[in-house]
Amino acid sequence: MRPAVATISSHSALQIMKGAKMEGLETILLCLKGREGLYERFGLADKVITISAVEDLMKKEVQRRLIGENAVLVPHGTLISGGGLEEFEREFEPRVFGNRFIFRWEYDRVLKDRLLLEAGVNVPKRIASPGEIKGPVIVKLPGAEGGRGYFIADSPQDYAKKMKAVRGRGLLRDGEEEDVFIQEYIIGVSLYPHYFFSPLTGKVELLGCDRRYETSVDGIGRISAKDQLEIGLTPTFRVIGNSPLVLRESLLMDIFRDGEGFVEASKRLVKPGAIGPYCLEMICDESGKLYTFEFSGRIVAGTNLFVNGSPYSDLIYDEPMSMGRRIAREIRKAAESGEMDRITT
Ligand code: AMP
């Protein structure tokens, strides 16, 4: 029985299903109630299992149905943001494409930093306490969705003042201050390479790159510095969309070095290591040095730009190769050669 590709109705589900169909695989949409109409418009789901919330994935009847359909769940950002990852690791019985154990490392800032340091990539310095702030830092609030409430500070006094404002807006509760993450702020251009590691070929492929467009930080340059000062503007980091990015070719060596370092580190720290799509969230400073401040151990939404392939995937493949399709191809090939255990957990 051929495997079917299952995914939750959000984030990059359309691309994942489109890719699966291009590879001749059946698709199963785990559809959140109320979204059926949206997904019907695209006609990409062969079967639909209705769920009320992401947590319904853990229900026995949903799991049984997925197993009965020989489904492989392709996880994306919505699964990670839902929490309950330990239970998912332990008790979700259907096959998951990729390494299900890496999601917790993505979710937890301390584990995330550990994996990035092990990868040998440049990570912006972590500042242990507000008293040690000596230059520009970015202050990340615990669990802040999409960078909401993040702020930049450049001294302990500035931090205290801005933290008071954050509290006033109800963005930080009592007792949460210990979990505030303070990191050196890197001035430069953000870039998000989309990697795919294939355990079947042993290769890291670069399938695209994007940058996020964040409000207000990416719009602030339209206002003169004088006006910024007068209004008392503080940049915020809420993601609004993604734009495609093609990199200077000379940066690609470093992009691959870091991408491969990540795979090797994940093999040591989070067995069986990274599988399939992942993304390193980087900033390139004025000297061309890359800093990685985050990673995603699964498909990122920026890949939705490239449903029809990207300038990079076109260099490798003579057909449109989205990340969704690349995932489906890996599943198809592994099924054909009896190697599903190498690409799923
Ligand atoms: P994060 O929640 O860590 O993904 O951060 C949200 C946004 O803040 C990123 O997309 C970047 O624009 C910005 N950012 C995060 N960390 C840094 C850093 N160390 N230096 C400069 N900008 C950063």
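This is a predicted model: local features need pLDDT of at least 70, side-chain atom pairs count only at pLDDT 80 or more; totals for chains, interfaces and linings use all residues.
**The five-stranded sheet**

Let's start with the sheet whose strands come in the order S12-S11-S10-S13-S14. It is an open sheet of five strands, and the pairing is antiparallel. At its edges stand S12 (237-244) and S14 (290-296); each has a single partner strand, so one side of each is left without a neighbour in the sheet. On average, neighbouring strands here are turned by 35 degrees against each other, if you ignore direction.

Zooming in on one pair, S10 (residues 189-198) and S11 (residues 203-216) run antiparallel and are joined by seven bridges. As for individual residues, Phe197 sits opposite Val204 in S11.

Two helices go with this sheet. Helix H7 (residues 109-118) packs on it and touches S13 (276-284) as well as S14. The direction of H7 makes about 130 degrees with that of S14. Then there is H12 (residues 323-336), which lies across S10, S11 and S13 and runs at about 20 degrees to S10.

**The four-stranded sheet**

The other sheet is also open and antiparallel in its pairing, with four strands in the order S6-S9-S7-S8. Its edge strands are S6 (126-127) and S8 (151-153), each of which pairs on one side only. S7 and S8 run antiparallel, with three bridges joining them. If you want a residue pair to look at, Ile138 has Ile152 in S8 as its bridge partner.

Helix H7 turns up again here: it lies across S6, S7 and S9, at about 30 degrees to S9. Helix H8 (residues 156-168) lies across S7, S8 and S9, and runs at about 155 degrees to S8.

**Around the ligand**

Now for the ligand. It is surrounded by 15 residues, and the closest are Lys140, Tyr150, Ile186, Glu214 and Glu294. By class, this shell has nine nonpolar, one polar and five charged residues.

Which protein atoms lie 2.9 Å or 3.1 Å from a nitrogen atom of the ligand?

| Residue | Protein atom | Distance to a ligand nitrogen atom |
|---|---|---|
| Gln183 | polar side-chain atom | 3.1 Å |
| Glu184 | backbone N or O atom | 2.9 Å |
| Ile186 | backbone N or O atom | 2.9 Å |

Taken alone, the ligand exposes 480 Å², and the protein buries 93% of that. Which elements give two or more residues to the shell around the ligand? They are S7 (137-140), S9 (181-184), S13 and S14. Of these, S7 and S9 belong to the four-stranded sheet, while S13 and S14 belong to the five-stranded one.

Finally, a few places to check if you plan to look at backbone geometry. Thr215 and Ser216 are joined by a cis peptide bond, with omega at about 10 degrees. Ser216 lies in strand S11, which is part of the five-stranded sheet. Another cis peptide bond leads from Lys271 to Pro272, with omega near 5 degrees. Pro272 is found in the loop between helix H10 (252-269) and S13.

Then there is His11: it isn't a glycine, yet it has a positive phi of about 60 degrees. Where does His11 lie? You'll find His11 in the loop between strand S1 (4-8) and helix H1 (13-22).

Technical notes: Residues are numbered from 1 along each chain as its sequence is written. Side-chain values use heavy atoms; hydrogens and water are left out. Two strands pair if DSSP finds at least two bridges between them. Axes are lines fitted to C-alpha atoms, for helices over the stretch in contact, and angles run from 0 to 180 degrees between N-to-C directions. Contact means heavy atoms within 4.5 Å. A residue is near a molecule or strand if one of its heavy atoms lies within 4 Å of it. A polar contact is a pair of N or O atoms within 3.5 Å; within protein, one must be able to donate a hydrogen and the other to accept it, and residues adjacent in sequence count only if both atoms are side-chain atoms. Accessible areas come from the Shrake-Rupley method with a 1.4 Å probe; for residues, only the protein chains shown count as cover. Ala, Val, Leu, Ile, Met, Phe, Trp, Tyr, Cys and Pro count as nonpolar, Asp, Glu, Lys and Arg as charged, and the others, Gly among them, as polar.
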